[in-house]
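Subject: Structure handover

Hello,

Here is the structure, with the sequence, for your files. My notes on what was found in it follow below.

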Amino acid sequence: MTTIDPDTLDIEARRARRFTRINKADAWFRVFGLSWVTPILKAAAGDNPRAQIKEIWQLLGVPLLAIAAFLLAWGTLAPQVQTSLGAVPGPAQVWAQVGNLHADAEREKEKEIAFYQRQEARNAALIAEGNSDRVRDRIYTGKPTYYDQIWTSIKTVFFGFLIASVVAIPLGIAAGLSVTANAALNPLIQIFKPVSPLAWLPIVTMIVSAVYTTNDGMFSKSFLISAITVTLCSLWPTLINTALGVSSIDKDLVSVSRVLKMNTYTKITKLVLPSALPLIFTGLRLSLGVGWMVLIAAEMLAQNPGLGKFVWDEFQNGSSQSLARIMVAVFTIGIIGFLLDRVMYALQSMFTFSANR
């Protein structure tokens, strides 16, 4: 009879627990676009290194090779294309502008700190002289930094996206539950879904200018115009996917709700939403992506001080650095769009765990 060494059993048990943890972590690595981490961890844990190396090559090596090829082609071909602003900048020139934009932001921050220090010293001197009635607290009005413009764009898109979600989800539930509501909403969806943000923008601008007449309100007009344009263009994916998710609920569950005589609120919260949540989140992810694309064009024309205005101002500026700065903005827009999608996917994975595992 063969005797198994207890130490060997203990080692195998620890190894099994390690792989279990790695497999659980893999679900979240995939959510955040880091699926290549899993084979690295498995290879380090001794799980068939040759197979894991092949997986690492597919998940990490090939994408890095493609990026390197893209950068090489860009750096080779860009100097050969001449524009009114000079040659198209290559990767080195664009990266240099990243540093310049960061340096500009640092200088602007120093100016802001110095402004408030001077104001504080001035107010303290006035109080010491007994002239407290002349004390004034003013807001620094220097130009927004590149980081400020990024933050403005993110705030604007989320404001418009939240309004779109508040409108689209209830309408989608109604359309999914009621044939009459679906028949009423479907023509409007088909008509307005393809409309470009450039068509909505003049209408939104005139309406906001007519209704929002105050100059010291919580929001600026350019912010509201951009956010409402985002709303009008981004609500359709959520509305359509919500209606599809609700209408696709298992008929047996609907029959059970009738047998149990559930009221409408209980039926929606306990049956409809949990069943339709995966498709609702799919719609929300699509809506946020559409909203982010729409936002840049809206900010250009509405002059909301975000990334869209940054691109427009650099285009109008026409300096030798403008084209490289515009390309920095293009990469920034793309990276933020990817991160927004990952955030929504993470939320989807949290709230619809079983559907994504």
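Aspartate 341 and arginine 285 form a salt bridge, with 3.2 Å between the closest N and O atoms; the term stands for a side-chain nitrogen of Lys or Arg within 4 Å of a carboxyl oxygen of Asp or Glu. The pair links distant parts of the chain, since aspartate 341 is in helix H12 and arginine 285 in helix H10, 56 residues apart. Helices (H or I, at least four residues) and strands (E, at least two) are DSSP runs, numbered from the N terminus. Aspartate 341 is partly exposed at a relative accessible area of 24%, and arginine 285 is partly exposed at 23%. In these notes buried means under 20% relative accessible area, exposed over 50%, and partly exposed in between (1.4 Å probe, protein chains only).

Two points on the source: this is a predicted model, in which local features need pLDDT of at least 70 and side-chain atom pairs count only at pLDDT 80 or more, while totals for chains, interfaces and linings use all residues. Residues are numbered from 1 along each chain as its sequence is written, and side-chain values use heavy atoms, with hydrogens and water left out.

Other salt bridges

The search of the whole structure finds 7 salt bridges. One of them joins arginine 325 and glutamate 314, at 4.0 Å from N to O. Arginine 325 is in helix H12 and glutamate 314 in helix H11, so this pair ties together parts that are 11 residues apart in sequence. Both arginine 325 and glutamate 314 are buried.

Aspartate 104 forms a salt bridge with arginine 107, where the closest N and O atoms are 2.1 Å apart. These two residues both lie in helix H4, 3 residues apart, or about one turn of the helix. Aspartate 104 counts as partly exposed at 23% relative accessibility, as does arginine 107 at 45%. Asp104, Arg107, Glu314 and Arg325 are linked in a network of salt bridges.

Overall form

The protein has 12 helices and 2 strands. From the N terminus on, the order of elements is α-α-α-β-β-α-α-α-α-α-α-α-α-α. The radius of gyration is 27 Å, well over the 21 Å that the globule rule gives for 357 residues, so the protein is more spread out than a compact globule. That radius is taken over C-alpha atoms, and the globule rule is 2.2 Å times the number of residues to the power 0.38. Along its principal axes the C-alpha trace spans about 95 × 60 × 60 Å.

Of the 357 residues, 34% count as buried. The accessible surface comes to about 21,500 Å², and 65% of it belongs to carbon and sulfur atoms; areas come from the Shrake-Rupley method with a 1.4 Å probe, and for residues only the protein chains shown count as cover. Among contacts (heavy atoms within 4.5 Å) with a separation of 6 or more, 69% are between residues 24 or more positions apart.

Nonpolar core and patch

Which residues touch the most other members of the largest nonpolar core? They are Tyr146, Trp292, Leu307 and Ile336, in a core of 39 residues. H10 gives the largest share of this core, 11 residues. A nonpolar core is a set of buried Ala, Val, Leu, Ile, Met, Phe, Trp, Tyr and Cys residues joined through side-chain atoms within 4.5 Å. Leaving aside neighbours within four places in sequence, isoleucine 336 is in contact with Ile150, Ile154, Trp292 and Leu307.

On the surface, Leu64, Ile67, Phe70, Leu71, Phe331, Ile335, Phe338 and Leu339 form a nonpolar patch with about 760 Å² of accessible area together. Helix H3 (49-77) and helix H12 (322-351) are the elements that give two or more residues to this patch. Patches are made of residues with over 30% relative accessible area and no salt bridge; like charges are joined within 9 Å, and nonpolar side chains (Val, Leu, Ile, Met, Phe, Trp, Tyr) within 5 Å.

Two single residues

Glutamine 303 has a phi near 60°, a positive value in a residue other than glycine. Glutamine 303 is found in the loop between helix H10 (264-302) and helix H11 (307-317).

Leucine 279 lies in helix H10 and is partly exposed, with a relative accessible area of 27%. Not counting residues up to four places away in sequence, leucine 279 touches Asn241, Leu244 and Gly245.

Regards
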